[in-house]
Amino acid sequence: SHDKPVVPENSLPAFRRAIEHGWGAELDVHLMKDGTLAVIHDSSLLRTAGADVQIEDLTREELENYRLEGTDERIPLFDEVLALFENTTPLIIELKAANGNHFALSKAVCERLDSYKGVFCIESFDPRCILWLKKHRELRPGICRGQLAENFLKDKGALDPVRSVLATGLIGNALAKPDFIAFKFEDRSCISNALCLKLWGIQGVAWTIRSKHDLLTAEAEGLIPIFEKFDPEA
């Protein structure tokens with residue numbers, strides 16, 4: 001529930017606003033070099049904090065030096081966000097793997113969630129995170145897992161050609177078998193998304209909805225919407 005430039009994205013005030021409205025929230029979790037879990041969208045802090053540094057290269061102490069989008073707001077820790085949402089509204093927790101830390105990130109997040117008293121699901125663009133969750137499901141049977149995807153074939157610079165085909169075609173789903181697929185709203189008609197939803201009969205999610213019209217369209221199609229930048233009740 002960010003409201004730039006006053007309330008930055010992935011900030012504690014934004015999360016508080018979501019709770020005040022009775023909304024759940026989607027957040028992005030990164031594993032820092034000292035094992036701390038931090039909440040921010042990008043690995044690079046250049047867009048959000050004006051610093052050309054990767055969050056995975058920082059420690060908790062070093063994180064205190066950065067502020068979000070020209071405000072006094074710090075980059076929140078995963079623990080701080082969980083403390084806000086515990087026993088309130090649901091969370092969609094996106095695992096933002098980087099530099100081959102997919103398994104370490106998945107393990108660290110799940111270990112923290114073992115004591116969390118709240119409703120949540122976990123998603124990631126990296127199918128290795130979803131596969132890790134599947135392999136360890138006997139220890140955490142209640143975790144709902146989702147594969148994030150979009151049509152990477154449309155964005156030639158996002159991934160190399162082989163990974164673009166694999167990611168867009170949801171090839172990893174055959175092994176990971178997620179509970180839901182969260183596809184980019186504009187790309188939702190992609191044949192791989194339609195086939196996977198139909199073949200496995202799993203729930204579809206649409207991201208990121210930015211208008212009431214798109215919200216109603218997504219809901220009419222049976223999709224769970226992830227929205228931002230507008231009040232869905234207005």
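**Exercise 1.** Is Arg47 buried or partly exposed, and what is its relative accessible area?

*Solution.* The model is predicted. Arg47 has a relative accessible area of 46%. Buried would require under 20% and exposed over 50%, so Arg47 is partly exposed.

**Exercise 2.** Determine which parts of the chain the salt bridge between Arg47 and Glu9 ties together.

*Solution.* Step 1: the side chains of Arg47 and Glu9 meet at 3.0 Å, N to O, and the cut-off for a salt bridge is within 4 Å. Step 2: Arg47 belongs to helix α2 (residues 46-49) and Glu9 to the segment before α1, so the pair ties together parts 38 residues apart in sequence. Step 3: Glu9, at 11% relative accessibility, counts as buried. Step 4: salt bridges with shared partners join Glu9, Asp42 and Arg47 into one network.

**Exercise 3.** Locate the partners in the salt bridge between Arg188 and Glu221.

*Solution.* Step 1: their closest N and O atoms are 2.7 Å apart. Step 2: Arg188 is in the loop between β6 and α9, and Glu221 in the loop between α10 and β8; the two are 33 residues apart in sequence. Step 3: Arg188 is partly exposed at 24%, and Glu221 is partly exposed at 43%.

**Exercise 4.** Describe the largest pocket by its volume and its lining.

*Solution.* Step 1: the volume is about 1,200 Å³. Step 2: 47 residues line the largest pocket, and those closest to its centre are Glu26, Thr208, Ile226, Phe227 and Glu228. Step 3: elements giving two or more residues to the lining include β1 (25-31), β7 (203-209) and β8 (224-227). Step 4: the lining divides into 22 nonpolar, 8 polar and 17 charged residues.

How values were computed
Residues are numbered from 1 along each chain as its sequence is written. This is a predicted model: local features need pLDDT of at least 70, side-chain atom pairs count only at pLDDT 80 or more; totals for chains, interfaces and linings use all residues. Side-chain values use heavy atoms; hydrogens and water are left out. On a 1 Å grid over the protein atoms alone, a cavity is a set of points where a 1.4 Å probe fits but cannot get out, and a pocket is an open set with protein on both sides within 12 Å along at least five of seven lines; lining residues have an atom within 4 Å of a point. Grid points are joined across faces, edges and corners, and a volume is the space filled by probe spheres set on the points. Helices (H or I, at least four residues) and strands (E, at least two) are DSSP runs, numbered from the N terminus. Ala, Val, Leu, Ile, Met, Phe, Trp, Tyr, Cys and Pro count as nonpolar, Asp, Glu, Lys and Arg as charged, and the others, Gly among them, as polar. Buried means under 20% relative accessible area, exposed over 50%, partly exposed in between (1.4 Å probe, protein chains only).
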